[in-house]
Structure formats: C-alpha cells, structure tokens
Amino acid sequence: MNTLTPKRLTLYLLLAPAILWLLLLIILPHVGMGMISFRERIGPGEFAGSLKQYRTFFEEPLYWNTFVRTAVMSLIATIMALVMAFPVAWTIAKVAKGRLKALMLAATLLPFWASELVRTLGWLILLRGSGVIPQFLAFIGVTDQPVELLYHDATILVGLIYSSLLFMLVPLINALETLDDSLIEAAYDLGGNRLNILRKIIIPHAAPGIAAGSIMVFMLTLGNYLTPVVLGGKSSMWFTEQIYTQFITRFNWEQGAAFAFLLLGLSSVLVWLGLKITGQRFADAMRRT
Amino acid sequence: MQTSSNTAPIDLSVQEVSKHYTNFTAVNRLSLDVPKGSFFSILGPSGCGKTTLLRMIAGFITPDEGDIVIGGKSMRNVAPNRRPVNMVFQHLALFPMMSVGENVGYGLARRGLTKGEISKKADAMLERVGLPGIAGKRIDQLSGGQKQRVAIARSLVLEPTLLLLDEPLGALDLKLREHMKLELKQLQNEVGTTFVYITHDQSEALVMSDRVAVMNKGQFEQVGTPQELYYHPKTAFVAGFVGNSNRLEGVLTNAAEGKTASGLTLALTPTQPASSGATSMFIRPETIALSRQETEIASFANRLPCKVETLFFDGANSTVQVKEVATGTQLHVALPHTGQHSDLVPGETVFIGIRAEHVQAFQG
C-alpha cells in the first residue's frame, strides 16, 4: 500500500537537499566527533573507549575557567546587543517611514556585505596603539600618549556585539512591526506612561523576537573564533580557541572533540534555561528568526 | 431626549478648533457643545475629518487653533493619559498579551489601586456589560460582540467624563451590528456617561444618538436631533447623506416650483427663499404615494403617471423603480409594508403622488 504518489515524490525531492545537508554536514560529523571524544589513544594507531577527555576538562582549572568566562562574556554581549538594538529596531519599525526606513535598514545591512575578517581588521586599525582612536585621544589631550586599546575584555565585547548586532536587529524589527500602534495608543489613553507601556505592552509583544535574537546572538558569540582572537590577542581565553588549539596545534582530536561537545551542551542548556525563565516557547522564537 | 440639553452642564466643548495639514484642512474652525449624559454622534463620509476631530478630543493630535474644554477644564497641553476621556478604538485595541480581567484592570492599575480593588471593580464592570465571570479568559477566546463589550468595559471602568467611540461596530457582521446598536444605546442610558460616537453609518447615528452632527469637509453641515436631520435637513449634503432620497437636479421656475434637467415640473418647498437658480430637489422614497388608480392620488400636488421598471424586494425596505412616462425621470418609490402592491410587474402603469412639502429644494 506504500505507493509513491507524484505529490509525495515532489515533496521528497524538494526536501532532499535540506535532508542531505543536515545529514552529511551536521549529523554525520557530529556522530563522528562524538565517537572520537569518547576514546583514548593508548598506542600508535590504537584507541580504546574512555571518559578521560571529559575528566581532563573538569580537572584542569584552565579549561573550566575559559569555559565559564566564554559563557559569561557571551551573556553580557547578548544583553548589551539587546539593549543597543532595541531603540534602533523601534526607530526602524515604528518611527521611520518610507524611504528613510528603507535607507536605515540598508545602512544596518551594508556592513555585513564585507567579510567578518575585514570588519574585525577594521577595528584593529581603529584601536591599536598607533591607530586612529588612541592617536586622536592623545592629540586632543585626553591621554598623555597613545594608549593601546586592543587586547582588553571590553575590546572583545565591542567586537562581539558589533559582529552580531544585525542578528538581534532583524528579529526585533520583525516583532515590533507587527505591533498594532493602536495598542500603544489605547494603553496611553487608559493612563499608561512610557515605561509602563514598554513593560506591559511592547516587551510582551516583542518577546518571541527578543528570544529569537538573543538565541542567535548568544550562539554566534559563543561559537565565535575570529573576533576574540584578533581583538583579544593571546589573552582572549575564548573556549573556541581551546578547541582550535587541541585540533590544530596539539593534534589532540580526542580532547578537541570533547571540548566541542561540551560547548554544544553548554549552549543548548543555556538557551533552554533562558527560554524557561522568560516563559517563551522555542517554536515561537524560531518562527521570528 | 433633548430636554436635558438646556439644563445639563456641558461635558465637552470644542471651541473654534482647526487642524491643517500640508495639502488640506482636516478640521476647519469647528465648534461643538455636548451636554452631560447625552449620546452625541458625529456622522460623515470617510475623509470628512471626524477621526481627526475625535483624536484631537482624545489628545493624540494637537489642534492648530482653538481649544477643547472637557468637564470645564481646558485640555491645552494635557496628554491623553491625563485627560478624563477614554476611547474605544476602531479595532478595539484589546491587549492580546493580557487576560480579559487584566485588560479591564489596566487603567485601574495605572491609578495605583490595589490588586483586590482592581479585580473587584473589573468584575463588577464586566457584569454590567453582561459578561460576568470571564475575567480569566484570553482575548482570542472571545466572540466579536464580547470583545466589543470588553473594550467598552475597559474604558467605562475608569469612570471617564467622556467616552469616545471610533466606529467600534465597523468590524462586526450586520446582524451583530444591529444588536450592538441597541445594546450600546441601552448601556449609555444605564451608566449615564457622555458618549461621543463617530461613524459613517447613518443608521447607527440615527438609532443611538440624542443629537447628531453631520460633518463634511472639516465642518458641520447641521447639528440636530435625528428627527430634525431626517425631516428638516438644512443642506443638500444632509438631505442626501441622511436616509435615502431621490435626488433630482434642476432649476427653480418660481418660489414653489422647479423643473428637473429631464424636463419634469414639480411643485416643491424651497428651504431657502429663492425663486430662481440651480437647485437640488430631494424626495424620500417613503413619502411617495403609489396607486394603480389615478383617483386615489387626486389630493397630491404632484401627480405623475409612471411605468414600473424594476422591483427591489428587501422585506420592509422594498422599493420599486419607476419611470415617469412623459420625461423618463427615474424615481425610487417605497412599497407599503402591508404587502399592498407586492404584485407589481415591470412594465405596468402606476400613478404616483408627491406632496409639495415632500419635495425639498436646496440651492446649489
């Protein structure tokens, strides 16, 4: 009875690229990675199943600290991106009209036409000791001599927020655009003030968009490699750097794979926790992205 | 109905208010007084400026000139959230992120009432609009009529001096709209709050209001009771906009007679003293007598033999379109509600009679 009607066949064919993509590029490498992470090299070309890699992570404070630091900084970056993107999204979605709106939207998208590497190197030009901003600060007398603005945690944060702001902005704009202006007017008419309307009307309405944007930014930040390395230098202590080191420098694939899985677990747990705390549903948030 | 207007204090006074936009004037030096406890409607076609006027009263738009006085206080520089006015929005604007009870309690919470007081007042108000015990429901669980009542309850619970209603029945289907019309009128009677209602639907305005202002191009054409507007319109616009009318363009031949463009001579009553010039003549379908015998209409000033063209059966609102034999002038005639003449057939000859006072002529 399992006949393949033309309609079903069309559906399968249309889904095939997506399924292949998922299977070959996401699931297969992860299964392989998972298997690698649970083994131990006991001799040249000889492996045995083991939890040693995971034990190393918990026993070695460096790894553990890097891990926590990455999570905390990503969280800060996400919150700051939200705070910074919200007024911009509001302006684009509700205040700007017609050509101005299109122009503003284009202005936010335009920097992303350049590669992330180029954009990050741009920050380098601005912030390094002999760069534009330190020179200028020294010139107008704020500092005695040009100061090195690179290689601070704040610098990493600036870069992370900059490179992920768009992913917060787009779901926020979408969410705010669907907010009926008359709801705000009605709340105002009933005696609400700005702060109260923001808290009771605007934020609850935009909540799925806020969740979607925050998940995107948090994931991108947590998994970012380039920005912390370029702007933070050797002291960046980013967890992806540890993974890179294990795979490329140390050639310890087993340890790298275990770290990768720990990062995946961490991000999943934090996203789940965030949704639970704010009472959002994953499906709602994903529809807004 | 109107008796209170002489003695009752004025709740809303709009004084010489104007609002100009780059290319047009939305509201032009308009004045208006609404006595306490009355149901006042502003009736006009879309684009006549009625929404602008309402939003100026609510405080969302600032007038360019003039002043708005509510409950004896000037509203100049008073923000919408500080005015003793609440508005029922066109699409109701209920908050979907809150329950029915939270919607009704929103305004009370802003006034700093305790949780207990809020829920007590909200429940009482919901009961008053006929929706007891639904405070816990979500907005999307309500029917159209229920949403309507929740929106009104949300505003009335704040006991405003003035309740503004911006065509709130527009989104409802016909049956429900008819029902809500009566309900709204009844509710207004019970609570005694002053209602200012804007609509483009003349039936809504006529049924519910104590007084109606007919608005056109940013100004009032006429303000009066529904009866005054219907039986004694002051301008051609009011005559054409309120109720159905046969409109015939022509010229006055003397003070009591006009000739339509098609050549039909009609005995008429001019509304302005004039004996010549272009004129618009209005005849309501229900004022025209229709008979198969010429003798039955002998007492009418205008007696016209006609041919039946089309029958429009619509229950109590049935009309017949007839064509005057000599000039071919087309007229709509209401059919008697008794069912008499329901057997008319197209092509049949009938006689219609119209009294001179039922042909209202306006200069124009």
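Before you click, note that the model is predicted, with local features needing pLDDT of at least 70 and side-chain atom pairs pLDDT 80 or more, while totals for chains, interfaces and linings use all residues. Residues count from 1 along each chain as its sequence is written, chains are lettered from A and ligands numbered from 1 in the order written, and side-chain values use heavy atoms, without hydrogens and water.

Start by selecting the interface: 22 residues of chain B are in contact (heavy atoms within 4.5 Å) with 17 residues of chain A. The two chains bury about 1,700 Å² between them, 63% of it on carbon and sulfur atoms; that is accessible area (1.4 Å probe) lost on being put together, summed over both. Now pick Asn81(B), Met97(B) and Tyr106(B), which lose the most area to chain A on their side, together 32% of what that side buries.

Next, zoom in on Glu185(A) and Arg55(B), whose side chains meet in a salt bridge at 2.4 Å, N to O (Lys or Arg side-chain nitrogen within 4 Å of an Asp or Glu carboxyl oxygen). The rule finds one such bridge across this interface.

Then move to the open six-stranded sheet of chain B, order 13-12-11-15-21-14, with mixed pairing. Strands are DSSP runs (E, at least two residues), numbered from the N terminus, and two of them pair if DSSP finds at least two bridges between them. Finish on strand 15 (277-283) of chain B, which runs antiparallel to strand 21 (360-363) of chain B over four bridges; Phe282(B) has Gln360(B) as its bridge partner there.
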